[in-house]
Amino acid sequence: MKAVLFNDQQIMLVSPPDPEPSPNEALLRPLVAGICQTDIELFNGYYHFQGIPGHECVAEVVACPAKSDWVGKRVVVDINIGCGDCPSCQQNDPHHCHHRQVLGIKHKDGVFAELFTVPLSNLYCVPDNIPDHVAVFTEPLAAALAIKSQLQISESSPIAVMGDGKLGLLISLALKEQFPNLVLIGKHSNKLAIAARHGIKTELLEFKNTNQLLQQYQQYFSVVIEATGRPNGLDMALAVVAPCGTIVLKTTSNQLTEVNLSQLVVNEIKLIGSRCGQMSAALAFLKQHSLDTELLIEARYPFQQFQRAFQHALQRGSKKVLIDFPSTTSSA
């Protein structure tokens, strides 16, 4: 098979042996995959990553030793693989297993390959009414929806999403119906226009008006969801969160963040990290709601042009770049 390899900030297309599923695993063939900001951070040195990246995808089950009736099914995958024995796993929480593997991120080859394996317990069938170009958004949508399970937010609360990148835009679209006082703050007018088209209030953060805008919303928002992807995102969030408010951190970066913690103490701000969510909740959302993912897609490339696709994704301000896989795998 062919696979993408990240090694010392280089991208190579390699030909490793086809993976063999263990008795409790399934062998999957990706149909469509998405390039995530986390993939970009891994390329830049996050986690000192070397290996086959990729974790956002919709795939087809090729083989499943334990349950052959899974073969041919279209699935999405929970990227967190727990050990099964620790206290977190015993409480059905593999997302926080200390020994977990994370697909395409930590100790588990990812989806930017013609074949990959995951435990059968990590598979979720995709309903027939959800096409591939929508299903590929299931994992990041689950991360967006996780915020609602972490917080008790009044529907009337003023909420800011800071960052109009791939995740920030998806968070805004996922939360807009329940929270009408949500404001998306970002730096890219084309992406803010997508949010505005869906009835979301937006604010364009330009260099010349940054201080003015932050002063306009100084200590205003009950909840600030920080998804800027930038080390200074937390500082900006602290400028606009109200006393006794909550900041939800979504940014993962290979760069260090410096912040004046005294503001957290004096204004009694709650700081919450937020990572992955429940795939079942995201699939239920996609089945019940119309999410126009075509507006979120910047470009689509065949797998053979992955390097070109990744260079496109590196452009600041790009929307989601998708990878389309061949219908059959090639030999190694």
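**Phe310.** I started with Phe310, which lies in helix 11, residues 306-313. I am working from a predicted model. Is Phe310 buried or exposed? I find a relative accessible area of 0%, and because buried means under 20%, Phe310 counts as buried.

I then listed its contacts, leaving out residues up to four places away in sequence. Phe310 touches Phe6, Ile11, Ile35, Asp39, Ile40 and Phe43. I checked one of these partners, Ile35, for distance. Phe310 and Ile35 are 275 residues apart in sequence. Their C-alpha atoms are 7.4 Å apart in space.

**Strands 11 and 12.** Next I looked up the pairing of strand 11 (residues 182-186) with strand 12 (residues 201-204). The two run parallel, and I count 4 bridges joining them. Leu184 stands opposite Thr202 in strand 12. How does the chain get from strand 11 to strand 12, and through which helix? I followed it through helix 6, residues 189-197. This β-α-β crossover is right-handed.

**Cavity.** Rolling a probe the size of a water molecule over the atoms shows where empty space is left. How many cavities of 30 Å³ or more are there? The count comes to 1. I noted a volume of about 40 Å³ for the largest cavity.

Which residues line the largest cavity? I wrote down Asp78, Ile79 and Asn80, then Glu139 and Ala142, then Cys276, Gly277 and Met279. By class, I have 4 nonpolar, 2 polar and 2 charged residues in this lining.

Notes:
Residues are numbered from 1 along each chain as its sequence is written. This is a predicted model: local features need pLDDT of at least 70, side-chain atom pairs count only at pLDDT 80 or more; totals for chains, interfaces and linings use all residues. Side-chain values use heavy atoms; hydrogens and water are left out. On a 1 Å grid over the protein atoms alone, a cavity is a set of points where a 1.4 Å probe fits but cannot get out, and a pocket is an open set with protein on both sides within 12 Å along at least five of seven lines; lining residues have an atom within 4 Å of a point. Grid points are joined across faces, edges and corners, and a volume is the space filled by probe spheres set on the points. Ala, Val, Leu, Ile, Met, Phe, Trp, Tyr, Cys and Pro count as nonpolar, Asp, Glu, Lys and Arg as charged, and the others, Gly among them, as polar. Two strands pair if DSSP finds at least two bridges between them. A crossover is right-handed if, with the strands pointing away from the viewer, the path from the first strand over the helix to the second runs clockwise. Buried means under 20% relative accessible area, exposed over 50%, partly exposed in between (1.4 Å probe, protein chains only). Contact means heavy atoms within 4.5 Å.
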